[in-house]
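Visitor: Hello! Could you walk me through this protein, one question at a time?

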Amino acid sequence: MSERRPLSYRLRCYLPECVPLEPEAEGRLIRSVGLTLEAVGLNVSVGRQCVVQSRDGRRVEAEVVGFAGASIYLMPVKRVEGLEPGARVIPLAHGTAMRIGLQTLGRVINGLGQPLDDKGPLQGSDILDMMPSDINPLKRHPISEPLDVGIRAINSLITVGRGQRMGLFAGSGVGKSVLMGMMTKYTTADVVVVGLVGERGREVKEFIDHILGPEGVGRAVVVASPADDAPLMRLRASQLASRVAEYYRDQGLNVLLLMDSLTRFAQAQREISLAIGEPPATKGYPPSVFAKIPELVERAGNAAEGEGSITAFYTVLTEGDDLQDPIADSARAILDGHIVLSRQLAEEGIYPAIDVESSISRAMPNIVPDEQLKSMQRFKQLLSRYQQNRDLIAIGAYSQGSDPETDEAIERFPKLRAFIQQGLNQSVHMPESIANLTAVLKKTPSQPGNVSPLAAAHGKG
């Protein structure tokens with residue numbers, strides 16, 4: 001038996017000591033249509049990485065995404081420029097790798113693990129390959145304790161547990177990036193991994209400089225792939241963010257993974273699938289898209305008891321604020337809860353614009369005391385009762401005293417609305433959040449001479 005090669009020889013990566021595997025048969029490029037490259041002369045498996053090299057030395061990295069007979073279909077990682085018929089197609093190793101460790105915190109990288117922040121090569125004591133770490137579902141530790149994210153409404157009303165996977169459902173321009181930045185700065189998790197996938201390039205730098213700030217960036221790894229990247233690069237960025245989070249979880253740390261957004265991940269997979277001929281199904285999304293979402297999401301969660309965890313928030317863009325969008329519907333079914341951001345609240349200047357009535361944490365009943373659970377339910381009941389009668393209250397058609405429950409909802413509505421609001425630079429941790437919730441719902445005897453609750457709710461006195 002031949003001597004086993006060292007890791008640095010078997011893996012292709014962006015490190016000087018990593019080299020390709022032993023030479024294999026090369027192929028040649030015969031066709032390029034849209035996003036897809038077609039080659040012949042190769043005997044490689046789906047997922048294998050190759051380099052397409054033109055006569056002038058230009059190299060384009062690509063991944064095998066399908067085949068038909070002797071033809072191999074590849075998807076380039078970056079833009080295809082300067083390639084001509086007959087270009088060499090060279091198989092590379094089965095995966096890529098990057099250096100990682102605690103020194104990687106504070107760095108910004110792309111979907112290939114290459115630094116984007118001009119701080120030099122990545123430093124770290126370990127070499128991370130891109131193969132996901134599999135965990136037996138029966139060995140995962142159940143969600144048993146809450147994670148403090150520093151947001152009052154989430155901590156008290158939609159409590160998130162360590163290892164839980166939540167969806168952040170929002171249309172464009174309602175403050176999801178700001179909410180993610182606040183959680184990054186104020187969470188009690190050990191490490192934060194942020195995946196910025198398919199966003200505008202301008203927003204990537206603004207998110208890092210203005211929303212995260214030095215404090216947030218210092219404890220985070222940011223994986224960025226803007227909207228003008230090739231779909232395969234956006235796909236890889238999503239997978240790399242999950243892989244980095246898995247690494248820190250395997251070190252016994254509690255990780256907060258923020259992925260913005262799951263919709264862009266699905267759209268990148270749709271572009272790839274349609275380019276290689278997969279038929280569209282639901283609203284133009286091929287079936288493979290709905291298989292890829294669980295593959296990505298299931299990588300988050302708890303490891304075995306006593307080990308680390310990944311608590312994940314995946315943003316989902318709801319086109320036209322439609323929560324029945326196929327990606328939103330699929331994500332809601334696979335995730336452990338969802339937080340809905342309301343455009344109406346955002347237009348009223350309420351930030352974070354969390355629609356408490358439409359949001360839910362499926363793990364909350366198992367991780368909070370009964371008193372907090374009852375307070376959460378009472379808060380939602382009062383808020384819902386006010387919303388049901390809002391039109392009648394606005395036109396003065398509701399008579400005070402008609403319904404005691406509605407009277408109490410009107411009286412407490414200003415405090416309920418103020419409870420949801422929180423400043424961008426304000427952190428409210430778990431004990432304070434629960435105390436604030438108790439104070440909002442605490443009954444106080446009415447005093448003579450006070451303005452009526454109905455008038456107070458509308459600023460009249």
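Visitor: Let's begin with a serine. Leaving aside its neighbours within four places in sequence, which residues is Ser330 in contact with?
Guide: Keep in mind that this is a predicted model. Ser330 sits in helix α8, which covers residues 326-334. Once neighbours within four places in sequence are set aside, the contacts of Ser330 are Phe290 and Ile293.

Visitor: Is Ser330 buried or exposed?
Guide: A residue counts as buried under 20% relative accessible area. Ser330 has a relative accessible area of 19%, so it is buried.

Visitor: What share of the residues of the whole protein count as buried?
Guide: The protein holds 15 helices and 17 strands. It has 461 residues, and the share that count as buried is 53%.

Visitor: Now to the strands. How many residues of strand β4 are buried?
Guide: Strand β4 takes in residues 59-68, which is ten residues. It is largely enclosed by the rest of the structure, because the number of buried residues among those ten is seven.

Visitor: Which residue in β4 stands opposite Val51?
Guide: Strand β3, residues 49-53, runs antiparallel to β4, and five bridges join them. The two strands form a hairpin with five residues between them, where Gly57 in the turn has a positive phi of about 90°. Across from Val51, the residue in β4 is Glu61.

Visitor: And in β5, what is the bridge partner of Val64?
Guide: β4 also pairs with strand β5, residues 71-76, in the antiparallel sense over six bridges. Their hairpin has two residues between the strands, and Gly69 there takes a positive phi near 65°. For Val64, the bridge partner in β5 is Leu74.

Visitor: Let's turn to a pair of helices. Are α11 and α13 roughly parallel or roughly perpendicular to each other?
Guide: Two packed helices are described by the angle between their axes and the distance between the axes. Helix α11 (residues 370-388) packs against helix α13 (residues 404-420) with axes 8 Å apart and an angle of about 110°. Angles of 65 to 115 degrees count as roughly perpendicular. The two helices, α11 and α13, are therefore roughly perpendicular.

Visitor: How many residues in the contact of α11 with α13 are nonpolar?
Guide: On the α11 side, the contact includes Phe379, Leu382 and Arg385, while α13 brings residues including Ala409, Phe413 and Leu416. Of the residues in this contact, six are charged and two are polar, while the number of nonpolar ones is ten.

Notes
Residues are numbered from 1 along each chain as its sequence is written. This is a predicted model: local features need pLDDT of at least 70, side-chain atom pairs count only at pLDDT 80 or more; totals for chains, interfaces and linings use all residues. Side-chain values use heavy atoms; hydrogens and water are left out. Axes are lines fitted to C-alpha atoms, for helices over the stretch in contact, and angles run from 0 to 180 degrees between N-to-C directions. Helices (H or I, at least four residues) and strands (E, at least two) are DSSP runs, numbered from the N terminus. Angles under 35 degrees count as roughly parallel, over 145 as roughly antiparallel, 65 to 115 as roughly perpendicular and the rest as oblique. Contact means heavy atoms within 4.5 Å. Ala, Val, Leu, Ile, Met, Phe, Trp, Tyr, Cys and Pro count as nonpolar, Asp, Glu, Lys and Arg as charged, and the others, Gly among them, as polar. Buried means under 20% relative accessible area, exposed over 50%, partly exposed in between (1.4 Å probe, protein chains only). Two strands pair if DSSP finds at least two bridges between them.
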